[in-house]
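Hi there,

Here is the structure I promised to send over.

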Amino acid sequence: YLYLFRPENVILILCVTSDCARHLVKLPNLQHLNLWCTQFGDTGLCLLAEHCHRLKSLNLCETLVTDEGLLALTELKSLQCLNLNSTKLSAQVFEELLNKLPLLASYDIRYTEACQK
């Protein structure tokens, strides 16, 4: 299910999986995406990273994403705010994200391996 406030802001609710990414990539001006507590995973994340280069904020809190998908986020050079709370983020991939996302100013990595280091 998709709930649109404006074409550049999308909040996804209920039964969202990686299959939804094929629809999201059709929104060329997408800037803010909230996938909190959905079944969204690596496959969808890789597709988003390949096509949604205008994303400024992304909430992946409590999703199924792992390091494999999270590495793809290095392609999102416009990303400023990233919530990875309660994901399978490792310290190594977090360092990679910090090094390759120059505009990243705000992030949440609580309850991840990266936060433990």
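Let me start with a side-chain pair: Asn 83 makes a polar contact with Asn 59, side chain to side chain, at 3.5 Å. By polar contact I mean a pair of N or O atoms within 3.5 Å; within protein, one must be able to donate a hydrogen and the other to accept it, and residues adjacent in sequence count only if both atoms are side-chain atoms. Please keep in mind that this is a predicted model, where local features need pLDDT of at least 70, side-chain atom pairs count only at pLDDT 80 or more, and totals for chains, interfaces and linings use all residues. Residues are numbered from 1 along each chain as its sequence is written, and side-chain values use heavy atoms, leaving out hydrogens and water.

Asn 83 is found in strand β5 (strands are DSSP runs of E, at least two residues, and helices runs of H or I, at least four, numbered from the N terminus). A polar atom of the Asn 83 side chain also lies 2.9 Å from the backbone nitrogen of Asn 85. Asn 83 counts as buried because its relative accessibility is 17% (buried is under 20% relative accessible area, exposed over 50%, partly exposed in between, with a 1.4 Å probe and protein chains only).

Lys 88, in the loop between β5 and α4, counts as exposed because its relative accessibility is 61%.

In helix α4, residues 91-100, the buried residues include Val 93 and Phe 94. The face turned away from the buried side carries the exposed Gln 92 and Asn 99.

Best wishes
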